[in-house]
Amino acid sequence: HVLIGVLGGYLLYQKGLAVDAGTAASYGAAGATIGTGVGALTALLFVGFVYLLYRKTFLKRCLKDSYPTEPAGETLRLVFLTALPILISATMANISNLIDQSIFGHYMGTERMDEYESLWGIFNAKYLLLTNLPIAIASAMSASTLPSVSAAIARGNLEEAREKAGKAIRVISLIAMPASVGLMLLGKPCFDLLFRGTSNDIAARMMLFGAFAVLTFSLSTVCVGIMQGCGHYWEPIKNYLFALAVHIPFLLLGLYVFRWGVYAVVVCYVLYALAC
């Protein structure tokens, strides 16, 4: 994944330089995305290879399975009813970014389009990039917590389910808390290290105001996985709707009343996860 992404980015960047130096970065970004597709395809082929390798073993275990089977249609219906709220939750978790971009663009207006693109680029490509790194750990932990909590509840062992949920929250807190403080205090050196040759003062102030988003989003992500593992699939969606109902008025207040500019987006980004 990484090797193909770096190689594809380099080769297409060189091609972009030959075609038009102004669009070389776009060519490089397109080449880097090739690594994602190649990585997913490689994972799929590997899983298929493992399945073919152990197919006979799987079939023998299925023949020994004494649990009652359900019709395929009923199984598909249950899978759909389970996956749908999880899919909606994942969409709701990221929809605030689109709403923020739309509201902030309207606030800046067409006469300040260059300034808007610059500020939103800093917010999206610098601030969010750095905060999403520790949050990605929470996403992985949420995905692993959901089936373990669900299995414990299916066995009727509520104590085990509580233990697994508590352990997940403790572990992610031990990661997210120091990450939040570290990014708040060392945001400027981190940006200077990653984005050399550019001014990182605005990005550093964004991190100063919004580093707490690492903790709020990490805990929110893990708690969503725990609730879904407990069978409360629609509760996170209700929480996200409530968070949006709180988030949007605060954003409008920060932009049009207090005139905080792009920092209103940062503060409300933190509040959105906190309200979830």
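Colleague: Is the crossing of α5 and α8 left-handed or right-handed?

Modeller: It's right-handed for α5 and α8. The rule is to ask which way the near helix is turned from the far one by less than a right angle: anticlockwise is left-handed, clockwise is right-handed. Bear in mind that this is a predicted model, where local features need pLDDT of at least 70 and side-chain atom pairs count only at pLDDT 80 or more, while totals for chains, interfaces and linings use all residues. Residues are numbered from 1 along each chain as its sequence is written, and side-chain values use heavy atoms, with hydrogens and water left out.

Colleague: At what angle do α5 and α8 pack, and how far apart are their axes?

Modeller: Two packed helices are described by the angle between their axes and the distance between the axes. Here α5 (residues 113–154) and α8 (residues 213–229) pack at about 20 degrees, with axes 7 Å apart. So α5 is roughly parallel to α8. The axes are lines fitted to C-alpha atoms, for helices over the stretch in contact, and angles run from 0 to 180 degrees between N-to-C directions. Under 35 degrees counts as roughly parallel, over 145 as roughly antiparallel, 65 to 115 as roughly perpendicular, and the rest as oblique.

Colleague: Which residues of α5 and α8 meet?

Modeller: On the α5 side they include Y127, P134, A138, S142, L146 and I153, and on the α8 side they include A213, F217, V222, I226 and Q228. By class, this contact of α5 with α8 has 12 nonpolar, 10 polar and no charged residues. Ala, Val, Leu, Ile, Met, Phe, Trp, Tyr, Cys and Pro count as nonpolar, Asp, Glu, Lys and Arg as charged, and the others, Gly among them, as polar.

Colleague: How do α4 and α10 pack?

Modeller: Their angle is about 160 degrees, and the axes are 11 Å apart. That makes α4 roughly antiparallel to α10. α4 passes α10 in a right-handed crossing. M92, A93, I95, S96, D100 and F104 of α4 make the contact with V262, V265 and Y272 of α10. By class, the residues of this contact come to seven nonpolar, one polar and one charged.

Colleague: Which residues touch the most other members of the largest nonpolar core?

Modeller: The general idea is that in soluble globular proteins, nonpolar side chains tend to be buried together. In this model, the largest such core has 42 residues, and F104, F123, Y127 and M206 touch the most other members. A core here is a set of buried Ala, Val, Leu, Ile, Met, Phe, Trp, Tyr and Cys residues joined through side-chain atoms within 4.5 Å. At least two residues of this core come from each of α4 (72–108), α5, α6 (158–194), α7 (201–210), α8, α9 (235–257) and α10 (262–275). α10 gives the most, with 10 residues. There's also a second, separate core of seven residues, including A138, A168, V222 and I226.

Colleague: What is Y127 in contact with?

Modeller: Leaving aside neighbours within four places in sequence, the partners of Y127 include F191, M206, A213, V266 and Y269. L128 touches N97, F123 and Y269, again not counting residues up to four places away. L128 is buried, with a relative accessible area of 6%.

Colleague: And H247, is that buried or exposed?

Modeller: H247 is buried, at a relative accessible area of 1%. H247 sits in α9.

Colleague: Where is R259 found?

Modeller: In the loop between α9 and α10. R259 is exposed, with a relative accessible area of 55%. R259 has a positive phi of about 60 degrees although it is not a glycine.

Colleague: How many helices and strands does the protein have?

Modeller: 10 helices and zero strands. Helices (H or I, at least four residues) and strands (E, at least two) are DSSP runs, numbered from the N terminus. Of the 276 residues, 33% count as buried. Among contacts between residues at least 6 apart in sequence, 73% join residues at least 24 apart. The C-alpha atoms fill a box of roughly 70 × 50 × 35 Å along the principal axes.

Technical notes
Contact = heavy atoms within 4.5 Å. Buried < 20%, exposed > 50% of the residue type's maximum accessible area, 1.4 Å probe, protein only.
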